[in-house]
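Visitor: I would like to go through the labels on this model one by one. For each, I want the value and the rule behind it.

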Amino acid sequence: MDSRDEIACGSCILKEKCTINQDDCFTRRQRWKAVTLAYILPFVFLAGAIVAVSFITNNEYIIGGVALGTLVVYYGLLYIKKPKI
């Protein structure tokens with residue numbers, strides 16, 4: 001295991017007093033993957049949908065609806081794939 005995958009609890013100075021099990025700790029890579037899947041990619045899809053639909057129409061209701069629909073589809077697919085991620 002290299003330093004990027006070091007378990008967060010292993011380097012904690014309060015690990016003796018902590019009530020979290022070692023199994024509950026996540027690697028840095030797992031944390032970044034979670035942040036990317038939960039925040040960064042949805043933002044990119046939302047912004048992309050807004051820009052793409054704004055070239056097609058000037059109706060803000062349609063732009064907002066398509067953007068929110070994109071997020072619903074994204075999080076729906078993420079929910080379906082959750083055991084594999």
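This is a predicted model: local features need pLDDT of at least 70, side-chain atom pairs count only at pLDDT 80 or more; totals for chains, interfaces and linings use all residues.

Guide: Phe45 has 37% relative accessibility. Buried would need under 20%, exposed over 50%. Phe45 therefore counts as partly exposed.

Visitor: What makes Tyr74 buried or exposed?

Guide: The relative accessible area of Tyr74 is 10%. The cut-off for buried is under 20%. So Tyr74 is buried.

Visitor: Why is the pair of Phe45 and Tyr74 called tilted?

Guide: Take the distance, then the angle. The ring centres of Phe45 and Tyr74 are 5.4 Å apart, and rings pair if their centres lie within 6.5 Å. The planes of Phe45 and Tyr74 stand at 55°. Stacked needs under 30 degrees and edge-to-face over 60, so what remains is tilted.

Visitor: Which parts does the pair of Phe45 and Tyr74 tie together?

Guide: Phe45 lies in helix H1 and Tyr74 in helix H2, so the pair joins parts 29 residues apart in sequence.

Visitor: What makes the pair of Tyr74 and Tyr75 edge-to-face?

Guide: The planes of Tyr74 and Tyr75 are at 70°, with the ring centres 5.3 Å apart. Edge-to-face asks for over 60 degrees. Tyr75 counts as partly exposed, because its relative accessibility is 37%.

Visitor: How many aromatic pairs are there, and which residues form the aromatic cluster?

Guide: The count is two aromatic pairs. Phe45, Tyr74 and Tyr75 form one cluster.

Visitor: How do you describe the packing of H1 and H2?

Guide: Two packed helices are described by the angle between their axes and the distance between the axes. H1 and H2 (residues 60–80) pack at about 150°, with axes 9 Å apart. Their crossing is right-handed.

Visitor: Which residues make the contact?

Guide: On H1 they include Leu37, Leu41, Phe45, Ala49 and Val53. On H2 they include Ile63, Val66, Thr70, Tyr74 and Leu78. By class, this contact has 17 nonpolar, two polar and no charged residues.

Visitor: Why does Val51 count as partly exposed?

Guide: Val51 sits in helix H1 (residues 28–56). Its relative accessibility is 46%. Exposed would need over 50%, buried under 20%. So Val51 counts as partly exposed.

Visitor: What makes Gly64 partly exposed?

Guide: Gly64 belongs to helix H2. The relative accessible area of Gly64 is 29%. From Gly64 to Val53, C-alpha to C-alpha, is 9.1 Å, at eleven residues apart in sequence.

Visitor: What does the protein chain come to in secondary structure, and how much of it counts as buried?

Guide: The chain has two helices and zero strands. Of its 85 residues, 13% count as buried. Among contacts with a separation of 6 or more, 41% join residues 24 or more positions apart.

Visitor: What is the mean pLDDT of the chain, and where does pLDDT stay under 50?

Guide: The mean is 83, and 76% of residues reach 70 or more. Residues 1–6 stay under 50. For those residues, the model has nine contacts beyond four places in sequence.

Key: Residues are numbered from 1 along each chain as its sequence is written. Side-chain values use heavy atoms; hydrogens and water are left out. pLDDT is the predictor's confidence in each residue, from 0 to 100. Contact means heavy atoms within 4.5 Å. Helices (H or I, at least four residues) and strands (E, at least two) are DSSP runs, numbered from the N terminus. Buried means under 20% relative accessible area, exposed over 50%, partly exposed in between (1.4 Å probe, protein chains only). Axes are lines fitted to C-alpha atoms, for helices over the stretch in contact, and angles run from 0 to 180 degrees between N-to-C directions. A crossing is left-handed if the near helix is turned anticlockwise from the far one by less than a right angle, and right-handed if clockwise. Ala, Val, Leu, Ile, Met, Phe, Trp, Tyr, Cys and Pro count as nonpolar, Asp, Glu, Lys and Arg as charged, and the others, Gly among them, as polar. Rings of Phe, Tyr and Trp (its six-membered ring) pair if their centres lie within 6.5 Å; planes under 30 degrees apart count as stacked, over 60 as edge-to-face and the rest as tilted.
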